[in-house]
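Hi everyone, thanks for making time today. Please have a look at the model on the screen, and then I'll walk you through a few places in it.

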Amino acid sequence: MAADLYGDLVRTGLGRKVVSSLHLPNPVRLRRYAPQAPLIEGPVVVAGHGAAPLASPITSMLTSSAIDVLGEVPADGRVGAVVADLSAAEHPQDLESLRAVVSPALKGLATCGRVIVVGRPPQAASTAAQSAARQALEGITRSIGKELRRGATANLVLVAEGADANVDATIRFLLSGRSAFVSGQVVTVGDGQPSQPADWARPLAGRVAVVTGAARGIGASIAEVLARDGATVVAVDLPAAGDALASVANAVGGTALQVDVTAADAGRRIVDHATTRHGRLDIVVHNAGITRDKLLVNTDAARWHSVLDVNLMSILRMNEVILGDGGLRDGGHLVLVASVAGIAGNRGQTSYAASKAGVVGLTRALGSDPRLRDRGITVNAVAPGFIETEMTARIPLGTREAGRRLSSLQQGGLPVDVAETIAWLSQDVNAGVTGNVVRVCGQSLLGA
Amino acid sequence: MASTPRRAAILGGNRIPFARQNGAYAQASNQDMLTATLDGLAARFGLAGEHVDEVVAGAVLKHSRDFNLTREAVLGSALVPTTAAYDLQQACGTGLEATILVANKIALRQLDAGIAGGVDSSSDAPIALDEGFRQTLLAANRAKTPAARARALARFRPRQLLPSIPQNLEPRTGLSMGDHMAITTARWAITREAQDELAAASHHNLAAAYDRGFLDDLVTPYLGLTRDANLRPGTSLDKLAMLKPVFGRGEGATMTAGNSTPLTDGASAVLLASEDWAAAHGLAPLAFFVDGQDAAVDYVSGDEGLLMAPVYAVPRLLARQGLTLQDFDYYEIHEAFASTVLVTLKAWEDTEFCATRLGLDAPLGSIDRARLNVNGSSLAAGHPFAATGGRIVASLAKMLHERGPGSRGLISICAAGGQGVVAILEGA
Ligand SMILES: NC(=O)c1ccc[n+]([C@@H]2O[C@H](COP(=O)([O-])OP(=O)(O)OC[C@H]3O[C@@H](n4cnc5c(N)ncnc54)[C@H](O)[C@@H]3O)[C@@H](O)[C@H]2O)c1
């Protein structure tokens, strides 16, 4: 992993002085998840507009997790998080309730604190005014994310009518250190049949997960996190990466499968391995990916094809087997890895952006596929921003520094941040979240 | 007492790509290579933290400090530290002999799962002290008084500082293996063209196997090597014809660096188990171990060629199993030299040899050459002595599995000291 020299420097006493006198960004060390740690430190303010129908299920979930819940900001002003339920908003004038709840909480918001806004999907609004109010929540949340400092994040959760019971998993994720590098995002929660894990510290116990591109970088971290959460991991990567793959598989007590995801029989080999060796297939993470950066003016057909083939077309081919009979079980989870580049576009990354935007399109289509909905299979994507890996370590220093700092959290993310988000999307309790594309980018200004 | 023998299944294998001497693995020890190979096997079969009863492996070129080579490799690997391990060594037969041992123990219910393997480094070879110098040091060590010690050390001579590097020589004849083979090659009149043809086929077959992905679940890269360094996919009869003979003398010399295996570094391992253990671990057997046989010849007196022992072992094995030489889907005859394979086949076709030497009424006959070393062999892959057996067993087991249940394969490996090990596998 590339050393974040700037990040280390500003954490020294002298560094801090220089930074504050020059008004340079001052990134904090983000709060990250540990299985035994509380979801969040400090009291959580839960309030909202009108009847605030989601406030009470969220309150009882938090109370049962031994978290102190308050109806308003306490006298000392200190809060760990604020949850504003605007799901009953009918008109833009109701947005004042949000201001009234959130604004007083911001001053005393803890380092790496959380702002969570809850609303309903604008598409389902019954009046124009209601749609306007619902849509406004997105602009508000993204702006709060940009206003926050010291590792705090702001995210919006849109809960479909009738899916109130499914909101738990998303609130837990957004409050916890799992979402350290997720900010300015909109997560939509719909219907589905969530089942609670027996043990929240091992939500994937008994599950079998396949991770492609697992030999290094983000994929290796996904394998570790899924295994930590209880899953048996099948680590897949190119035969040529087999030695690194073997150490990942051995470290997580899983198995290594050397296969090029572009091979015609890759899907079959993956499904056969998972089902014969481990007896089932619950989770598939399509993480393998490559870049072959060149300006479009200099891109030949071979380069173009290799990027689209590895990053997108291989997924389409493998899915035929993975989503077919005897593949992923009903109620299973498919997670794809897109990229902020697929949303924002990048000079010199036309083929890469094509493939990653394609992944977003594929995710949306599969997420709303009625056959998959009937089978209870969720399909989501994460779109990483700047993550510290061997891939990004090769970017020239200037560009790399800009990539890190041009985000609300003012630093690069770690592979584990992407992995934690994927692990959350792989939980059965998350059955209501499908067709979502969640950026893990520290609210990067790119494509924002 | 549950003592009925049962079938031992071969579940798969792993090896690292073989490197040429002083190549990619120049700095790797036998222990390093064997550990990496066991780790790759553990990852492929999910053995990290699982109990495997025994690991049996060995090396031909071995440092005295490696007295517990296999156990040390196990302790450094992902296998649980409670895995028993020991070394076994029979020159180039080591890997196959280890397989036979583990299979027999499984058959006798002494083990449920075991790993057989082998490793050799020709680069990181042990270097011994000059024998005179060694005797001097031992005498000084035994001396009881300083004066006696000084007297003992005074026998040291500076030229004794020259180390003795191990050579591929037969101790009783002083001839290299290649020189021995050259005598046999000439005796059986094996042509240069036939040898070069076999060598070219070996390279082309192995290259095609890699391209087809056949080795995807047999090999794990190591120290930057992803394919065998000796493999020359583009070799041709013309290119091979240009090489000068390196063994044998004068006109009749036919053995070149192209049709002889080079010195190589590498390691391999095979996972064997009872059918119950395999089923309990979600592993489908690739093949079953059927039977094995050793033989040795008197090469010292010149009565028989050094590498001819497998020729004698195979008919004994066939007789015991009630099979003929033609009853096999695949033949894996280790290519120590191209001519070793060709002499072996020719001897089995030779009526007089089969009658006088093997005591057979009729010759064993010829084989369908299209079934011989179909995914390449040692000429292309290289031959780290003790690692060859595991390479062959794992890849033959996979071929037989692809061929289907009941298919049969014959393995023949010649070894230094005039020995040979042969075995039969059956597809599962
Ligand atoms: N690092 C970032 O900042 C970043 C940002 C956005 C998206 N991503 C995406 O995250 C994923 C992982 O990225 P990373 O940074 O860990 O990259 P990486 O290059 O470190 O790892 C990618 C892995 O995929 C494997 N792989 C490549 N082609 C393959 C094939 N044909 N078959 C099987 N495996 C193959 C590689 O061998 C490698 O182990 C990729 O999809 C990438 O596009 C990364």
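Let me start with a question: is A:G326 buried or exposed? Keep in mind that we are looking at a predicted model. A:G326 has a relative accessible area of 59%, and exposed means over 50%, so A:G326 counts as exposed. You can find A:G326 in the loop that runs between α10 (301-322) and β11 (333-337) of chain A. Now look at A:T275 as well: along the chain, A:G326 and A:T275 are 51 residues apart, and their C-alpha atoms are separated by 8.2 Å.

Next, let's go to a residue with the opposite label. A:N250 belongs to helix α8 of chain A, residues 242-251. Its relative accessible area is 12%, and the cut-off for buried is under 20%, which means that A:N250 is buried.

Now to the ligand. Which residues come nearest to the ligand? There are 26 residues around it, and the nearest are A:R216, A:I218, A:D237, A:N287 and A:Y352. If we sort the shell by class, we get 14 nonpolar, eight polar and four charged residues. Three helices of chain A, α7 (217-228), α12 (350-367) and α14 (390-393), each give at least two residues to this shell.

Let's zoom in on some atoms. In the side chain of A:D237, an N or O atom is 2.6 Å from an oxygen atom of the ligand. A:V261 uses its backbone instead: an N or O atom there lies 2.9 Å from a nitrogen atom of the ligand. For A:T389, a polar side-chain atom is 3.0 Å from a ligand oxygen atom. And how much of the ligand does the protein bury? Taken alone, the ligand exposes 820 Å², and the protein buries 94% of that.

My last stop is on the surface of chain B. Here B:L129, B:L137 and B:L153 make up a nonpolar patch, and together they have about 240 Å² of accessible area. Let's pick out B:L137, which sits in helix α4 of chain B, residues 131-142. The relative accessibility of B:L137 is 35%, so this residue counts as partly exposed.

That's my tour, and I'm happy to go back to any of these places with you.

Technical notes:
Residues numbered from 1 in each chain as written. Chains lettered and ligands numbered in written order. Predicted model: local features only at pLDDT ≥ 70, side-chain atom pairs only at ≥ 80, totals over all residues. Heavy atoms only, no water. Near = heavy atom within 4 Å. Polar contact = N/O pair within 3.5 Å; in protein donor to acceptor, adjacent residues only side chain to side chain. Areas by Shrake-Rupley, 256 points an atom, 1.4 Å probe, with all protein chains shown as cover. Helix = DSSP H or I, 4+ residues; strand = E, 2+ residues; numbered from the N terminus. Nonpolar A, V, L, I, M, F, W, Y, C, P; charged D, E, K, R; others polar. Patch = residues over 30% accessible without salt bridge, like charges linked within 9 Å, V, L, I, M, F, W, Y side chains within 5 Å. Salt bridge = Lys/Arg side-chain N within 4 Å of Asp/Glu carboxyl O. Buried < 20%, exposed > 50% of the residue type's maximum accessible area, 1.4 Å probe, protein only.
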